[in-house]
Amino acid sequence: MSTHPIKELGEVALTEEGMTFHDVTETVASVTERSAPRNWWIALFIAASFAGVFGAAVGYLVWQGVGVWGNNAPVYWAWDITNFVWWIGIGHAGTLISAVLFLFRQKWRTAINRAAEAMTIFAVICALMFPGIHVGRPWLAYYMFPLPNSMAIWPNFKSPLIWDLFAVSTYFTVSTLFWYVGLIPDLASLRDRAMGMTGKFAKVRATAYGALALGWRGANRHWQHYERAYMILAALSTPLVLSVHSVVSFDFSTSVEPGWHTTIFPPYFVAGAVFSGFAMVMTLMLIVRAVYGMKAVITMKHLELMNKIMLVTGTLVGYAYGMEFFIAAYSGNPYEKYVFMNRAFGPYSWAYWTMITCNVVSPQLFWSKKLRTSIPVMFAVSIFINIGMWFERFVIIVTSLHRDFLPSSWGYYRPTAVDVCTYLGTLGLFFTLFLLFIRWVPMIAIAEIKGVLPQADPHAEEHGDHEHHDHAAESDAALAPGE
Amino acid sequence: MIAATAVILGVWYYASPKNLQVGYAPVQPVPYSHKLHAGTMGMDCRYCHANVERSAHAMIPPTQTCMGCHSVVKTESARLSPVRESWKTGEPVEWVKVHKLPEHSYFNHSVHVAVGVGCATCHGRIDQMEVVRLDKPIAMQWCLDCHRNPTANLRPKDQVTNMTWTPDQAPQGWKPPTVNPPVNCSGCHR
């Protein structure tokens, strides 16, 4: 497969002009070899402190019971489920980037796929915390699995909550496998580089990366198997991009609650998931790019493409918001109508308009080429989208529940300090994991980036559009990860 | 995968009430023999557990019930000294509970006796036990097995305390009553 940009179509190289194979390895691998910059330690300290707050909040919750949260009649689902859906949604961009864009031969994904997949895994870990602690007695979590027991208890397979468990755990397993398989050649590069090192921990490094690289030698046969495995895992992950958040949306849409019981939920949730996930990838990538000097690999072209995806998905989400109102009006169902009027003009209207501003209005800035190639603008918008998508889930869950059929049971939900600490705590957990990831794991897929360099094309010379003839010798090493 | 399966099956078998509970026969403060009283002498269960037909709990008889006979029978027996001690001081004998049910499950003896579930069906052949031992696993599965298919465990009401009753002793034309025991969660977890 030719990876050379086709000039006639206006394609440009995916990395900075003149990058060599060695430059790629050096740029990416050296991050794990140098001592960590001071800012990394500061960031890790802050993130780990928040993760500690998470531990304390969850410990207190388990000790005291779910009553320490603000959830109560009629709002039994609140921040916990909001956070769950938000985190799961964020994960989706990672899978979309790594699997769907891979199958569609979108070569630009190589700059961001590794970090996006890591983000997926960490986001799913954060997401899985919430259903686990929301049930109040996490030590009985095994009730959710079909295990033989002397209580004659069996999961209710008619319940979407059980579908959710299987959807999310499948997602986690497949994403982890996919990420790890993709890492093997790069781990071998790190191992090979560690072999030549001297120092106290060189041997530990070489052994650890060696064990993780599973004996990878970059042999032709290895590459054949690897590419096949990668393709199969990509094909397995692709339906998950659509199915996982569809199943999450069933938690709501299979109920009879006004505001939840709609058929638009699965596509609406999937679009929202991709939208929020890309925003989170963007936030993380902009930071990493600035801090670690990855501008040569993560170019403006990549950022612009991500912004275009956010514009599309943000507009899809905006369409869904409008369509919900139309269906509510068209249904003639007074409860349905009331829920939507209440969303926009009731006691939670502040949340609704925050959502609209962040999710629908802010990505529209990306119609302008100038704005979608401006780093400060895209950073601000990505943060807005993260906030807006959190509010979307909050609006769906809380405004539907707080006033449903019986006016006598109406209420107003307020979070407690424990709710807030739990949520901020998962952010801490997420960033702790992500910081450890960028410290110890090649955060960009070295082998894949090499595959999209112009000189990786066996016919690079025939194009005659660059004069670096010394690349011919390096082409032989194109697929060898160890430099 | 094999290890996980082994753990699951191991817990399922070895941690089950069938394995852990059945056979529990604690030493009681008084070496009272059900085999002698209910078996050899043929006393009815309800002589001591008198309220079982009317109450959720089958009472443990008070010292007075014992002394009803033992103030004239075996008055000098050393084995009965804790009972006489209790009679004198008014402190009840501290019997050890054998059939323990979790606090979150609600069980009513009277309704089971009233529809004709025999004592022996759940407690086994008490009339043959020198020391009372747990005969059946008190697991939710075991409760549900009967709640889902109760007729096999029903008998004529006048035979409830009969320890040796078998279905072929049912009178001609007797049919088990139609009962609908609850199988929903709140039937027992109220």
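User: How many residues does the contact take from chain A, and how many from chain B?
Analyst: In this predicted model, the contact takes 6 residues from chain A and 10 residues from chain B. The side of chain A that touches chain B divides into 4 nonpolar, 2 polar and no charged residues.

User: Why are H5(A) and H6(A) called roughly antiparallel?
Analyst: Helix H5 (residues 160-195) and helix H6 (residues 202-212) of chain A pack at an angle of about 155 degrees. Angles over 145 degrees count as roughly antiparallel. H5(A) and H6(A) are therefore roughly antiparallel to each other. Their axes are 8 Å apart, and H5(A) passes H6(A) in a left-handed crossing.

User: Which residues make the contact of H5(A) with H6(A)?
Analyst: H5(A) gives A:Leu187, A:Leu190, A:Arg191, A:Ala194 and A:Met195. Among those from H6(A) are A:Arg205, A:Tyr209 and A:Gly210. The residues of this contact divide into 8 nonpolar, 1 polar and 2 charged. Arg counts as charged and Gly as polar.

User: What makes A:Met119, A:Phe278 and A:Val281 stand out in the largest nonpolar core?
Analyst: Of its 122 residues, these three touch the most other members. Helix H8 (residues 265-292) of chain A gives the most to this core, with 16 residues.

User: Which residues is A:Val281 in contact with, leaving aside its neighbours within four places in sequence?
Analyst: A:Val281 is in contact with A:Ala93, A:Ile112, A:Ala116, A:Met119 and A:Met306. The cut-off is C-beta atoms within 7 Å.

User: Which residues does the second, separate core include?
Analyst: This core of 10 residues includes B:Ala58, B:Val117, B:Cys119 and B:Val160.

How values were computed
Residues are numbered from 1 along each chain as its sequence is written. Chains are lettered from A and ligands numbered from 1 in the order in which they are written. This is a predicted model: local features need pLDDT of at least 70, side-chain atom pairs count only at pLDDT 80 or more; totals for chains, interfaces and linings use all residues. A nonpolar core is a set of buried Ala, Val, Leu, Ile, Met, Phe, Trp, Tyr and Cys residues joined through C-beta atoms within 7 Å. A residue is buried if 20 or more other C-beta atoms lie within 10 Å of its own, exposed if 12 or fewer, and partly exposed in between; C-beta atoms are placed from the backbone. Helices (H or I, at least four residues) and strands (E, at least two) are DSSP runs, numbered from the N terminus. Two residues are in contact if their C-beta atoms, placed from the backbone, lie within 7 Å. Axes are lines fitted to C-alpha atoms, for helices over the stretch in contact, and angles run from 0 to 180 degrees between N-to-C directions. Angles under 35 degrees count as roughly parallel, over 145 as roughly antiparallel, 65 to 115 as roughly perpendicular and the rest as oblique. A crossing is left-handed if the near helix is turned anticlockwise from the far one by less than a right angle, and right-handed if clockwise.
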